[in-house]
Amino acid sequence: MNDDLHRILLKGGVTSPGELKDVITMLEAAGLKEVYFGSRQDLLFPLNNADEEQLERISKYNTTIIGERSYQNIVSSYVCADIFEMTYWLKGSTYLYILEGFDYAPKLKINITDAKQRLVPIFSGNLNFIASESEDYWYLNVKLPHWETGAFYPVLVYSWDINTISKAIEAIFDDIQDVDELFFVLNKNLETNNKTIEKELEVPYLTFPYYEGMNRMGLDQYWLGLYWRNNRYDLNFLKEFCGFCLDNGVGKICITPWKSFIVKGIKRQSRPDLEKFLGQWGINIRHSQLEMNWHLPVDDIEALELKKFLVLSFDQNDISTYGLTFGLSNESGKRTHFSSVVIEKNTAPTIVKDFAIRPTYNVLHFKNFDPNTQIYEVYAQDVDKIELPGLLMELSKKYFKQLGQEKIIKEETKKVSEQLFREVYQCTSCFTVYDKEYGDVSLGIPAGTLFENLPEDYCCQVCDAKKSNFEKIELQLNS
């Protein structure tokens, strides 16, 4: 991202039409005609010589302009609620209540997400709260700025403790060396409603969703996704769009990490007027998926041109990239993208920095092409720009070839595990085992009878202990 850009942080990527219209008034007062969307769901813009404080006084919502790089926007998957698959208890209102609780400007990157969606990154923050299957409880994956690897907090965090815990970590994180120390310090100083982790977090592999266009939402509503190729959003258009939302009872506008925005809850009767409005502005709402699944540095002409070159090559060769996402990086080794594939430009050696030399690139991808694995694999190094299309086409074929293999491997591993271990019930008095595979011939119980289906008066064949005296254990078998 261009270091000269200022930001307005929209907590969780959520704003209202009134608030966004207020922001646009500020930006227009600064002489701006367009705004960029950031990958952390924030707004970015150059301010040049405009007076920040004077602009902030224009705002009716006490909006703050952030010029300092150290402050971070909170990322959330609120944008996905009610339109993509989600954890059963996690409603849009839950995100809003949690975001409302943040009463400070974080310097740590905080992500509040649902593992059952793919649009918003799960592990790209320093504090990653991920919804669990237990209602109102979250896993916390921690990777503080000075840590090399992340680790899971040893308990689940209650929804209404997220702000408290985040704020407490913000105050002490510089001195914390590992997650055990972090838990000890927080547990000593905070009263929180934690819950025991009963099973490890499982993040399902999901294909990347199509997030643009007019789409049905429930029985009589729609959601709209809008995407600008060059990430230069016209302020006049946005202002009039906010007016449309206000006139038609639309309460929220969501910025996505993919430099687009989504509006949910558009009433069926509003759809014809919205389509007319978009048509009058000449808005295209059906871009090719080839060009929508990219992360680019903001306001970077060279990166945009490279993307256009690669997308054109895909298109001309009829290459499918469905489910794949791509990121372009200007610094080798600095990989902050959460896309499946990263094309990073190598930094020119200092000795030749004053000479015009052709850049070279590295191509990397996440293990299994899943950003949530957090494990990069190098595919090619030091290649010329002209070689990139061919390499990426090979990589896309590799992706489709391995698609589904991970599931097969997991199922085979599970079968092997089931062969090596079997759940049985053991009498706690004499240690006699009841195994459903064999039943209990002495008492007329046929093979295959589940322990739960045994009669309530069932007794141990050796010591006559009651059925309630048996405990479930894992019996290790010979492989």
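Which residue forms a salt bridge with Lys 308, and how far apart are the closest N and O atoms? The partner is Glu 305, with the closest N and O atoms 3.6 Å apart. Both residues lie in helix H9, three residues apart, about one turn of the helix. Lys 308 is partly exposed at 45% relative accessible area. Glu 305 is partly exposed at 42%.

This is a predicted model, in which local features need pLDDT of at least 70, side-chain atom pairs count only at pLDDT 80 or more, and totals for chains, interfaces and linings use all residues. Residues are numbered from 1 along each chain as its sequence is written, and side-chain values use heavy atoms, with hydrogens and water left out.

Helices (H or I, at least four residues) and strands (E, at least two) are DSSP runs, numbered from the N terminus. Buried means under 20% relative accessible area, exposed means over 50%, and partly exposed lies in between (1.4 Å probe, protein chains only). A salt bridge is a side-chain nitrogen of Lys or Arg within 4 Å of a carboxyl oxygen of Asp or Glu.

**Salt bridges**

Side chains of opposite charge can pair when their charged atoms come close. The whole structure holds 11 salt bridges. The table lists some of them.

| Pair | Closest N to O |
|---|---|
| Glu 34 and Arg 232 | 2.6 Å |
| Lys 308 and Glu 305 | 3.6 Å |

Glu 34 lies in strand E3, and Arg 232 in the loop between strand E13 (221-227) and strand E14 (233-234), so this pair ties together parts 198 residues apart in sequence. Glu 34 is partly exposed at 31% relative accessibility. Arg 232 is partly exposed at 26%. Salt bridges that share partners join Glu 34, Arg 232 and Asp 299 into one network.

Arg 229 is partly exposed at 47%, whereas Glu 291 is buried at 12%.

**Aromatic rings**

Rings of Phe, Tyr and Trp (its six-membered ring) pair if their centres lie within 6.5 Å; planes under 30 degrees apart count as stacked, over 60 as edge-to-face and the rest as tilted. The structure holds 36 aromatic pairs. One of them, Tyr 158 with Trp 160, is edge-to-face, at 6.4 Å centre to centre and 85 degrees between the planes. Tyr 158 is partly exposed at 22%, and Trp 160 is partly exposed at 39%.

Tyr 434 and Phe 451 have ring centres 6.0 Å apart and planes at 55 degrees, so their pair is tilted. Tyr 434 is in strand E23 (residues 433-434), and Phe 451 in the loop between E23 and strand E24 (470-476), 17 residues away. Tyr 434 is buried at 2%, and Phe 451 is buried at 8%.

Lys 385 lies over the face of Phe 309, at 5.0 Å from the ring centre.

**Positive phi**

Most residues other than glycine have a negative phi. Gln 41 has a positive phi, near 60 degrees. Gln 41 is in the loop between strand E3 (34-37) and strand E4 (43-46), and is buried at 0%. Asp 318 has a positive phi near 55 degrees. Asp 318 is in the loop between helix H9 (301-316) and strand E18 (326-329), and is exposed at 72%.

Note on methods:
Lys NZ or Arg CZ within 6 Å of the ring centre and 35° of its normal.
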